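Hi,

Here is the structure I promised to pass on. Have a look first, and my notes follow below.

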Amino acid sequence: MIYLAGATSFLGKRILIRLAGNGEKVRCLARSMEARRRLEEIKLKFPDCIEIVGGNLLSPDSLVYGLKDIEKAIYVVRLEYHGYVKNFIEALRKCNVKRTVFISSTTVLIPTDIKVKKDKIKSEEYIRNSGLDYTVLRPSMIYGADGDNNFSKMLKFIRKKRFFVVFGSGENMIQPVYVEDVAKAVTGVLENSKTIKKIYELAGKYPLKYNEMLKIVRMKSNLPFKIIKLPIGISKFAVSIYKQIMKKSDLDTDQIERMKIDKVYPYNEAANDFGYSPVSFEEGIEKEISELEF
Ligand SMILES: NC(=O)c1ccc[n+]([C@@H]2O[C@H](COP(=O)([O-])OP(=O)(O)OC[C@H]3O[C@@H](n4cnc5c(N)ncnc54)[C@H](OP(=O)(O)O)[C@@H]3O)[C@@H](O)[C@H]2O)c1
């Protein structure tokens, strides 16, 4: 039996469907009635493979009951909440669960010192020192699922407004990864002892310029939309004003600053150790567009 924490996240859901689709028995952590309701919907398709169990990462003791008789565990909750990671590790130790997969992010590799990076690195340290048979996977920006917070939002915005704002020149490199490639990697490493006590970067097939990515989105979506480019300095100023007026915003000035950085991530080690072979952005975005029914 496999334990899954974070099964209701956009990535966790894909991992759950892949595991259950392969006939694996999965026990999912649900911290609320709403999470339970969402998992019950997936369970309708795989009634014999999915169990739902209560608990909350705020307390290790609340996780112990659900971890009984578990052989392997997957953790798909943001690593910046390092209190949660600590609690999860404590509960795993109590229940003698050794084999684990944790989802981190390539944010830990960006060359600026932001809080989220420091927090994720701290959690990776706990994991490395945990004594568990862990594998850490660090996906780049994930796309391909409703709720991915990246491209699904962008596509919906473009469809409605017929324009898109680029912060900076758009000449920076990105290497987004398709959600199914990440889900496949998770199930792949669980079965592969070569990956124990290792950390892998997971990115899309090739890096591409942000501007090239927009051209592909335009071509695959068949949506004519205008591109408005704003220099980084002006963008940061505009976002800080917007945040002050609206009191909240999905964007912050750090994120805009990071638009200047090339985000290119070789994945040779993952390819060698567990045959990681991701799709290109063209293939992945075509699938996302057809799923979002454009
Ligand atoms: N978005 C990207 O491009 C990207 C890139 C690289 C890596 N990732 C990784 O992908 C994963 C999913 O991302 P996300 O943004 O969807 O994650 P998230 O918002 O941190 O977490 C989502 C999951 O964690 C559960 N959760 C949160 N607090 C909990 C608690 N106290 N007790 C039990 N469960 C709790 C949520 O359950 P509820 O349903 O109850 O809220 C949900 O299932 C993360 O590990 C993230 O680092 C994302």
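One term before anything else: a polar contact is a pair of N or O atoms within 3.5 Å; within protein, one must be able to donate a hydrogen and the other to accept it, and residues adjacent in sequence count only if both atoms are side-chain atoms. This is a predicted model, where local features need pLDDT of at least 70 and side-chain atom pairs count only at pLDDT 80 or more, while totals for chains, interfaces and linings use all residues. Numbering runs from 1 along each chain as its sequence is written, and side-chain values use heavy atoms, with hydrogens and water left out.

Now Gln 175. Its side chain reaches the backbone oxygen of Gly 204 at 2.9 Å. Gln 175 is buried, at 5% relative accessible area (buried means under 20%, with a 1.4 Å probe and protein chains only). Contacts of Gln 175 (heavy atoms within 4.5 Å), leaving aside neighbours within four places in sequence, include Ser 140, Lys 263 and Tyr 267.

Then the domains, whose bounds come from an automatic or database assignment. Domain 1 covers 2-139, and domain 2 is made up of 143-176 + 204-263 + 280-294. Their C-alpha centres lie 28 Å apart. Six residues of domain 1 are in contact with nine of domain 2. What links the two sides? The rule finds one salt bridge across the interface (a side-chain nitrogen of Lys or Arg within 4 Å of a carboxyl oxygen of Asp or Glu). Arg 14 pairs with Glu 291 in a salt bridge, with the closest N and O atoms 2.9 Å apart.

Cheers

Definitions and conventions. Buried < 20%, exposed > 50% of the residue type's maximum accessible area, 1.4 Å probe, protein only.
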